[in-house]
Amino acid sequence: MIFEKELTVAISAVQKASRICKMVSESSSAISSVQKEDHSPVSIADLASQALITLALRDYYPGDPIVGEEEAKTIQQHEHFGNKVLDLIQKETPTLNLETLLEIMDYGSKSFDSNKRFWTVDPIDGTKGFLRGDQFAVALALLEQGQVVLGVLGCPNMAINSIESQNRGVLLYAVKGHGAFMMHLNGQNTQKVFVDSISKVTMARFCESVEINHASHDQHQKIADALGITASPCRMDSQVKYAALARGQASIYLRLPRKKDYREKIWDHAAGSIIVEEAGGKVTDFKGNPLQFNLGKNLENNIGILATNKHLHTQVLEAIAEVI
Ligand code: AMP
Ligand code: MG
């Protein structure tokens with residue numbers, strides 16, 4: 001299979017990073033976090049996760065830019081953070097020092113050509129969920145010529161299935177043209193996943209962000225009302241929403257930003273969107289246009305994200321056009 005080696009490397013990197021995140025969230029001490037310039041939180045686990053993934057990718061693909069959400073400047077601005085992050089990473093990589101840590105935090109992302117090959121990583125997507133002890137995801141994707149070709153989502157707090165709801169920790173992955181798969185975070189029990197087959201929209205359940213500032217819950221409700229959806233929305237942090245759709249737990253994911261000028265980040269959608277598409281679903285913006293991943297770090301030309309099981313896509317787009 002094409003990208004087989006990349007997939008092995010990516011899965012192993014996401015597993016390693018997910019383990020560190022889980023360990024931090026289960027530790028008895030409070031998780032050390034600070035606010036970034038955009039007022040969003042970042043924890044030592046976000047930085048350690050990105051550093052571990054970068055180290056793993058760099059070993060195999062030194063020429064590939066790695067475009068991550070986190071930057072070296074967070075460590076430079078909060079000095080005490082650097083040593084805490086190093087302590088975490090040194091459990092996996094004992095020889096790493098601060099200088100190398102700063103270097104790899106910005107590995108190749110300062111100037112990258114988004115029409116060429118690069119990786120994008122969100123080391124903890126849904127940091128707010130992570131800090132609350134709710135859902136979060138470690139998200140990694142490979143892009144070539146503006147197309148997502150491979151995606152991996154580590155979901156340490158996602159239940160393995162609805163029956164074993166106390167048993168948590170899954171990983172989903174997809175390579176373009178080869179379907180979407182899920183396994184336990186430890187690598188066992190791989191199975192193919194599929195979106196649900198609901199074609200009667202009134203039977204559908206939709207999911208949306210927990211954070212009221214990340215998406216317009218009231219507009220989503222208007223769309224759901226126009227479609228006659230009666231089930232209450234399923235609110236989850238991070239790209240775990242894409243994972244839920246890919247394994248048929250919800251049929252629709254709505255994400256209309258509250259602020260008109262907000263542009264979605266590529267690392268918040270690259271891995272999730274390929275996993276949903278490979279599971280049989282469809283992902284577009286609110287006008288029905290494909291997500292354009294070749295315009296830098298933002299999805300500059302896409303407003304509103306709609307992911308569905310494909311059967312319902314046209315109907316939801318019509319409701320969006322009517323309501324918004
Ligand atoms: P979610 O948990 O689905 O709400 O998504 C978490 C992601 O929302 C974070 O990784 C941020 O990149 C992104 N985010 C931050 N601020 C905003 C905003 N104002 N509108 C939409 N998304 C945002
Ligand atoms: Mg994110």
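1. Which polar side-chain atom lies 2.6 Å from an oxygen atom of ligand 1? A polar side-chain atom of aspartate 268 does. With 500 Å² exposed when taken alone, ligand 1 has 87% of that buried by the protein (Shrake-Rupley areas, 1.4 Å probe).

2. This is a predicted model, in which local features need pLDDT of at least 70 and side-chain atom pairs pLDDT 80 or more, while totals for chains, interfaces and linings use all residues. Residues are numbered from 1 along each chain as its sequence is written, chains are lettered from A and ligands numbered from 1 in the order written, and side-chain values use heavy atoms, without hydrogens and water.

3. One of its oxygen atoms is 2.6 Å from a side-chain N or O atom of histidine 214, and a nitrogen atom of ligand 1 is 3.2 Å from one in tyrosine 262.

4. The shell around ligand 1 (heavy atoms within 4 Å) includes Glu69, Lys241 and Arg255. By class, this shell has 7 charged, 4 polar and 1 nonpolar residues.

5. The magnesium ion (ligand 2) has Asp122, Asp125 and Asp268 as protein donors, each through OD, at 1.9 to 2.2 Å (donors are N, O and S atoms within 2.8 Å of the metal, or 3.2 Å for Na, K and Ca). Their sequence spacing is D-x2-D-x142-D. Aspartate 122 and aspartate 125 are both buried (under 20% relative accessible area).

Conventions
A polar contact is a pair of N or O atoms within 3.5 Å; within protein, one must be able to donate a hydrogen and the other to accept it, and residues adjacent in sequence count only if both atoms are side-chain atoms. Ala, Val, Leu, Ile, Met, Phe, Trp, Tyr, Cys and Pro count as nonpolar, Asp, Glu, Lys and Arg as charged, and the others, Gly among them, as polar. Buried means under 20% relative accessible area, exposed over 50%, partly exposed in between (1.4 Å probe, protein chains only).
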